[in-house]
Amino acid sequence: MAFPSWMYRIRSSLKHGYSVFRSAPAFRQSGRNGCLSDVDKLGARRPLHRWPSSVIPFAVAFSAGTVAYNLSLCDSSLDHRIIGEKTTTEVVVKGSHREVPEELVNELKAICNDRMTLDYDERYFHGKPQNSFHKAVNIPDLIVYPWSEGEVSQVVAACNKYKVPIVPYGGATSIEGHTLSPHGGVCIDMSLMKSIKSLHVEDMDVVVEPGVGWVELNEYLRPYGLFFPLDPGPGATIGGMCATRCSGSLAVRYGTMRDNVINLKAVLANGEVIKTASRARKSAAGYDLTRLMIGSEGTLGIITEVTLRLLKIPQYSVVAMCNFNTIKDAADVAIATMLSGIQVSRVELLDEVQIKAINIANGKNLPELPTLMFEFIGTEAYSHEQTLVVQKIVGEHNGSDFVFVGDAEAKKELWKIRKEALWACFAMEPNFEAMISDVCVPLSRLAECISVSKKELETSGLVCTVIAHAGDGNFHTIILFDPNNDEHRHEAARLNHFMVNTALSMEGTCTGEHGVGTGKMKYLEQEHGMEALRTMKKIKAALDPNNIMNPGKLIPPHVCI
């Protein structure tokens, strides 16, 4: 069976998540021998017949002209009104497009053999983020599936020679439009590069390829008593996690991706491969290229190998849950807990609307009130001691229904509630899309920022939920809206804009962990200032003079050097 068709039928049966498919045994078994026999059937644009109505594609319009890649000027190939204007409510990213030269197609086919496709269904799927409301007017012209660093290097060098844009593609879980292809070009799907290359148990580190998922990695590490402590959405892969500088609920104790990567290898725009550091736990030798690449969102290079810091699996843990009458009380307890010196490993906040969604989706009967969830780790005695201290703090801030569990299955069930929060929201509005946004503020401003944002959300006619990694000041909103309803779309954008500007006014950031992509570019000047953005663009110009590496992302198009 043709690989693209096989993937297409599987994907079209999924209502929400590509992450389910990514972890399916059949996909993993296909591995590096997966056949892409539709390569020779180039270019036919077939209409989609079997997609659910909720994902019927926008008309794919290719504009005339060539892409302007001169980084010494503004990026005139993007529509500034759509991307850069602070008050825009548009979600379709425009970009210029030119046909991929036949010579490049032939070169890529020679490099990847049958792991290249121009199948329309595959290209459309890769051009539409699976967990994001962002869209682009163009889709990739072709997809390649390299299975080695050498192939990635050859593909990138060939694209650079013909000045054809590249978009790297990982677990398809990004939220801010990172994998859009506004200029068309070549999508490099890294899913076949999923080897765990070496494990150093005594050094507590592991070397992996970028297509390895964090869930699968932790399954591999468990028999060794080790784990990798970052836990973003299920389906996320290590390469994408590095590219977006992600974190998750455990960041309050273990830090973000930038704190847990020892070194990495990346392919630069000219095809050169660099290794950013040694395997030593610390180094003062030269520029910190590792941190430069982490969070660069594929605009500086494509990550092909990562060395990760590991930790011992905690001896014991306790999970606690409690309720509050107001979301401010809940946030105040999170702040007080952190100030108490207790080293919690998780502090998660869910508002009453999110709890209602969980009840509807999972048939539960949880009190529909603002809720905090904690995790305490250490010895059994220490974990229980921490729990009792926090229970006292909760009581001092009008908390109620404080419960805690130590049983492994009970803990797993509680955290499952949190991890499936997004999908639970769709139980309330199954035919809507979700505008998901995150901000982060200094911890002392968290309660105020959430309260102000929550008050604005409550005035809206849209269903909006609040979820927070409350221990480090990071919180999210999920805004459900009908993308075909102009009033809904404008209202969702207004709420997102309000929340971001509220955070920025409190010395916060427009994104704590989701990254910039196309969705948050318009806030970077307000957050960083033009001089910082020009510096970023100079770095980009030095490493990618032809602007082929994920163009139209991260750096606003009006930034000129």
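Cys112 is buried, with a relative accessible area of 0% (buried means under 20% relative accessible area, exposed over 50% and partly exposed in between, using a 1.4 Å probe and protein chains only). Cys159 also counts as buried, at 0% relative accessibility. The sulfur of Cys112 has its closest cysteine sulfur in Cys159, 9.6 Å away, which is too far for a bond. A search of the whole structure turns up 0 disulfides, a disulfide being a pair of cysteine sulfur atoms within 2.5 Å.

A word on the ground rules: this is a predicted model, in which local features need pLDDT of at least 70 and side-chain atom pairs count only at pLDDT 80 or more, while totals for chains, interfaces and linings use all residues. Residues are numbered from 1 along each chain as its sequence is written, and side-chain values use heavy atoms, with hydrogens and water left out.

**The sheet of 5 strands**

Now for the sheets. One is open, has 5 strands in the order β7-β8-β12-β10-β11, and pairs in the antiparallel sense. Helices (H or I, at least four residues) and strands (E, at least two) are DSSP runs numbered from the N terminus, and two strands pair if DSSP finds at least two bridges between them. At the edges stand β7 (196–200) and β11 (273–275), each with a single partner strand, so one side of each has no neighbour in the sheet. Neighbouring strands here are turned by 10 degrees against each other on average, direction ignored. Strand β10 (residues 261–267) and β11 share 3 bridges in the antiparallel sense, and Val267 has Val273 of β11 as its bridge partner.

Helix α7 (residues 149–161) packs on this sheet, touching β10, β11 and β12 (302–309), with its direction at about 45 degrees to that of β10. Contact here means heavy atoms within 4.5 Å; axes are lines fitted to C-alpha atoms, for helices over the stretch in contact, and angles run from 0 to 180 degrees between N-to-C directions. Helix α8 (residues 214–221) lies across β7, β8 (205–208) and β12, and runs at about 45 degrees to β7.

**The sheet of 7 strands**

Another open sheet has 7 strands, again with antiparallel pairing, in the order β17-β14-β16-β15-β19-β20-β18. Its edges are β17 (400–405) and β18 (433–440); each has a single partner strand, so one side of each is left without a neighbour in the sheet. The twist averages 15 degrees from one strand to the next. Strands β15 (residues 346–350) and β19 (residues 463–469) run antiparallel and are joined by 3 bridges, with Leu350 standing opposite Ile467 in β19.

Helix α14 (residues 352–362) packs on this sheet and touches β15, β16 (371–378), β19 and β20 (474–481), its direction making about 105 degrees with that of β19. Which residues of α14 are buried? They are Val353, Gln354, Ile355, Ala357, Ile358 and Asn359. Just after α14 comes Gly363, with a positive phi of about 65 degrees.

**Cores and rings**

The largest nonpolar core holds 57 residues, and Leu349, Leu372, Phe374, Phe376 and Phe475 touch the most other members. Such a core is a set of buried Ala, Val, Leu, Ile, Met, Phe, Trp, Tyr and Cys residues joined through side-chain atoms within 4.5 Å. Helix α13 (residues 327–339) gives the largest share of this core, 7 residues. Leaving out residues up to four places away in sequence, the contacts of Leu372 include Ala320, Met321, Phe324, Val333 and Leu349. A second, separate core has 27 residues, among them Trp214, Phe228, Met241 and Leu310.

There are also 7 aromatic pairs in the structure. Rings of Phe, Tyr and Trp (its six-membered ring) pair if their centres lie within 6.5 Å, and planes under 30 degrees apart count as stacked, over 60 as edge-to-face and the rest as tilted. Here are two of the pairs:

| Pair | Centre to centre | Angle between planes | Type |
|---|---|---|---|
| Phe227 and Tyr254 | 5.7 Å | 80 degrees | edge-to-face |
| Phe374 and Phe376 | 5.8 Å | 15 degrees | stacked |

Phe227 sits in strand β9 (residues 226–227) and Tyr254 in helix α10 (residues 251–254), so their pair ties together parts that are 27 residues apart in sequence. Phe227 counts as buried at 12% relative accessibility, and Tyr254 does at 17%.
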